[in-house]
Amino acid sequence: MVDFNRFTLANGLRVLVHEDDTTPMAVLNILYDVGARDEEEGKTGFAHLFEHLMFGGSVNIPVYDEPLQRVGGENNAFTSNDITNYYITLPATNIETAFWLESDRMLSLAFSEKSLETQRNVVCEEFKQRYLNQPYGDVWLKLRPLAYKKHAYRWATIGQDLAQIENASMDDVKAFFKKHYNPQNAIMVVGGNVKTEEIKLLAEKWFSPIPAGDKYVRDLVQEPAQTEARKETVTANVPLNAFFLAFKMAARRDADYQVYDLLSDVLSQGQSSRLYNSLLKDQQLFSDIHAYITSSLDEGLFVVEGKLSEGVTMEAAEKAVWAELDKIATEEVSQVELTKVKNKSESIMVFAEMSLLDKAMNLAYYELLGDANGLNTEIQKYLAVDAAKLLQVAKKTFVREQCSTLYYLTSENA
């Protein structure tokens, strides 16, 4: 159970406080309700570029990291298709430094050409290293536009291509900041050896003067139902043939979300899971195989990804995977299997509650979903899933006409 208090400033900033006097540390986490799905076609990669720009100095603080290091603090951030999240950990006695830093960059970034140029280069290098020059690195650059035809999940967080980041102008960047980086589009969580009344005073002092900004109303084009199988083949300099099967799955707030999560675990969680046991261990068709979900706020993807063993044909491997998917869509899973994956989910959630930073990030995320207390009731949703529900969801999901398949072949197969 993660306890918290909640209040909202007049400018719309939601603040949650988790008091924990067993640690000398504190965390300040700010989640901005903006991700790659909020970009427009032709100007993608902005949410991620912005994550980098946020460390390029603000109006009153030219170098973000220096004051933080002086008080023993650390910081980082991440961007997804749905959110951008920034966090600071530091000794609780120095918590006001975190308020000062975060409020100044929410108020206004420095927006210097030098900072933009520097961060643009950093992101372009990341694009090349992680996505273009790494085996299988561009999978999501290929798989997303194959699976999504209308929704803004068509592109990865890094963006559609390098040119869009290279061509990002100062005007584009300022407009993006104005639209998304304001108090009413943010959720702040402070956790650790702090008191709610103290945090209220600091929040009022540092964040209240920031204008609320215009309310961003999200109006995304929804993805139409897929009615025919899609396939694409890529050939590249990779060590093994691989394939990726992608099926649409429930959005994060949907009642079936936990069912999909458990389905992926039955198929792929650990060495006693179905795909591992049958396809890797017994039939030795794969050197590596996984099933996982994207956990997207809108309709997400359920992905089965496998790297083939030497000498195994794509046809044989794919046929074997479909045999497992057909099986889980026609026969109920055993009580033993279901209990095992539920226990695993429960232990993962309990473990996540041990870290102060995880608690802060999770509280912010569940508040975005609708109520931070969802963090405390989430496991009940998993425990309530029965075998009949798993079967029902598998049956409607694992349909050939609703599958997007990406074949990734080694150069020698060309």
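Is Cys403 buried or exposed in this structure? Cys403 counts as buried, at 2% relative accessibility, where buried means under 20% relative accessible area, exposed means over 50%, and partly exposed lies in between, using a 1.4 Å probe and protein chains only. Cys124 is likewise buried, with a relative accessible area of 8%.

Before I go on, please keep in mind that this is a predicted model, in which local features need pLDDT of at least 70 and side-chain atom pairs count only at pLDDT 80 or more, while totals for chains, interfaces and linings use all residues. Residues are numbered from 1 along each chain as its sequence is written, and side-chain values use heavy atoms, with hydrogens and water left out.

Staying with cysteines for a moment, the structure holds zero disulfides, a disulfide being counted as a pair of cysteine sulfur atoms within 2.5 Å.

Let me turn to the overall layout. The chain is divided into domain 1, residues 5-208, and domain 2, residues 230-410, with bounds that come from an automatic or database domain assignment. Their centres, taken over C-alpha atoms, are separated by 29 Å, and the contact between them takes 36 residues from domain 1 and 38 residues from domain 2, contact meaning heavy atoms within 4.5 Å. About 3,100 Å² is buried between the two domains, and carbon and sulfur atoms give 72% of that area; the figure is the accessible area, with a 1.4 Å probe, that two parts lose on being put together, summed over both.

Now I would like to look at strand S6, residues 186-192. Helices (H or I, at least four residues) and strands (E, at least two) are DSSP runs, numbered from the N terminus. Seven of the seven residues of S6 are buried, so this strand is largely enclosed by the rest of the structure. In a regular strand the side chains alternate between the two faces of the sheet. In S6 both faces are covered, with Ala186, Met188, Val190 and Gly192 buried on one side, and Ile187, Val189 and Gly191 buried on the other.

Which strands pair with S6, and in what sense? Strand S2, residues 14-19, pairs with S6 in the parallel sense over six bridges, whereas strand S3, residues 25-32, pairs with S6 in the antiparallel sense over seven bridges; two strands pair if DSSP finds at least two bridges between them. Gly191 of S6 is the bridge partner of His18, and Val27 also stands opposite Gly191.
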